[in-house]
Amino acid sequence: MNETAVYTSDEMMTVAAARHIEDGKVCFVGIGLPSEASNLARLSHAPGVVLIYESGTMGTRPDVLPLSIGDGELAEKADFVVGVPEVFAYWLQAGRIDIGFLSAAQIDRFANLNSTVIGDYDHPLVRLPGAGGAPEIASSAREVIVMLRQNPRTFVGSVDFITSYGFSAGEGRAGHSGLGPTVVITDLGILEPDPSSNELTLVAMHPGVALDRIREETGWELKVASRLETTKPPTTEELMILRDLKGRTAVAHSTR
């Protein structure tokens with residue numbers, strides 16, 4: 001491990017998320033950082049991971065990162081392709097997805113996610129893209145990894161709208177088959193729900209990040225684990241694999 005390697009906060013997020021993916025797991029993957037993390041895991045410590053994208057590409061092994069869930073690269077490299085209804089009904093809602101990735105515009109202390117509106121629902125300040133498959137992922141995946149950049153606009157005391165359910169204070173996950181968000185990975189650290197209260201608790205800080213800064217970037221009084229750890233920085237190998245993947249992607253997309 002090379003702890004003096006220079007890396008970006010996004011690379012730290014991606015590596016931290018990839019490390020949470022065990023070999024052989026079935027992952028429901030989104031575009032962006034979740035796609036980078038999942039494919040980094042596949043190309044490093046978890047070669048047997050099964051990647052499923054919402055468009056119905058099953059067991060795909062793309063050579064480059066897709067531009068969208070409908071990218072032809074995903075279908076060309078997949079074991080097989082099914083319709084979107086089958087992805088949700090037979091795979092996700094039937095409990096066959098081990099890990100689902102989610103992001104959002106807002107998250108609260110109980111990991112409820114908002115990707116619908118900012119402000120009042122009928123008269124919003126901003127109308128966001130909406131739910132897509134996120135509510136089903138949050139409800140039915142065996143566990144959920146959330147990836148978000150941490151700031152007060154995103155980490156809020158109360159979300160303006162619950163698009164994807166996390167936990168309720170004192171109520172847990174009644175009516176939902178999956179465990180919900182088991183980890184929230186940000187550009188500053190790692191949070192996990194408290195086993196008793198389900199409130200998100202800071203369990204690790206990324207190297208070089210001060211605790212006071214993490215508190216400042218959180219819109220509620222942040223709980224901190226009694227044994228706060230420091231995330232292991234990306235290794236030289238992890239960075240090499242990730243950067244090679246992104247480099248191939250940039251070349252491939254520039255020729256389209």
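How are H1 and H2 oriented to each other? They are oblique to each other. Oblique is what remains once angles under 35 degrees (roughly parallel), over 145 (roughly antiparallel) and 65 to 115 (roughly perpendicular) are set aside.

This is a predicted model, in which local features need pLDDT of at least 70, side-chain atom pairs count only at pLDDT 80 or more, and totals for chains, interfaces and linings use all residues. Residues are numbered from 1 along each chain as its sequence is written, and side-chain values use heavy atoms, with hydrogens and water left out.

**Helix H2 and its partners**

Helices (H or I, at least four residues) and strands (E, at least two) are DSSP runs, numbered from the N terminus. Helix H2 covers residues 33-43 and helix H7 covers residues 236-254. Helix H1 spans 9-19. Axes are lines fitted to C-alpha atoms, for helices over the stretch in contact, and angles run from 0 to 180 degrees between N-to-C directions.

| Pair | Angle | Axes |
|---|---|---|
| H1 and H2 | roughly 55° | within 8 Å |
| H2 and H7 | about 120° | 10 Å apart |

H2 and H7 are also oblique to each other. H1 passes H2 in a right-handed crossing. H2 passes H7 in a right-handed crossing too. Right-handed means that the near helix is turned clockwise from the far one by less than a right angle; anticlockwise is left-handed.

Contact means heavy atoms within 4.5 Å. On the H1 side, Asp10, Met13, Thr14, Val15, Ala17 and Ala18 meet Leu33, Glu36, Ala37, Leu40 and Ala41 of H2. This contact has eight nonpolar, one polar and two charged residues. Ala, Val, Leu, Ile, Met, Phe, Trp, Tyr, Cys and Pro count as nonpolar, Asp, Glu, Lys and Arg as charged, and the others, Gly among them, as polar. Towards H7, H2 uses Glu36, Asn39, Leu40 and Leu43. Their partners in H7 are Glu238, Ile241, Leu242, Leu245, Lys246 and Arg248. Here the classes are five nonpolar, one polar and four charged residues.

H2 is mostly covered, with ten of its eleven residues buried. Buried means under 20% relative accessible area, exposed over 50%, and partly exposed in between (1.4 Å probe, protein chains only). The cover includes H1, H7 and several strands, among them S2 (50-53) and S5 (99-102).

**Nonpolar cores**

A nonpolar core is a set of buried Ala, Val, Leu, Ile, Met, Phe, Trp, Tyr and Cys residues joined through side-chain atoms within 4.5 Å. The largest has 35 residues, and Ile97 and Ile107 have the most contacts inside it. Elements giving two or more residues to this core include strand S1 (26-29), helix H4 (84-92) and helix H5 (134-140). H4 gives the largest share, four residues. Leaving out residues up to four places away in sequence, Ile97 touches Val26, Phe28, Ile52, Trp91, Leu92, Ala141 and Arg142. A second, separate core of 29 residues includes Phe101, Val183, Ile185 and Ala204.

**Buried loop residues**

Gln150 sits in the loop between S10 and strand S11 (181-185). Gln150 is buried, at 4% relative accessible area. Beyond four places in sequence, Gln150 touches residues including Phe155, Asp187, Ile214 and Glu217.

Ala111 lies between strand S6 (106-107) and strand S7 (113-114). Its phi is positive, about 65°, although Ala111 is not a glycine. Ala111 is buried, with a relative accessible area of 0%. Asn198, in the loop between strand S12 (189-193) and S13, has a positive phi near 70°. Asn198 counts as buried at 14% relative accessibility.
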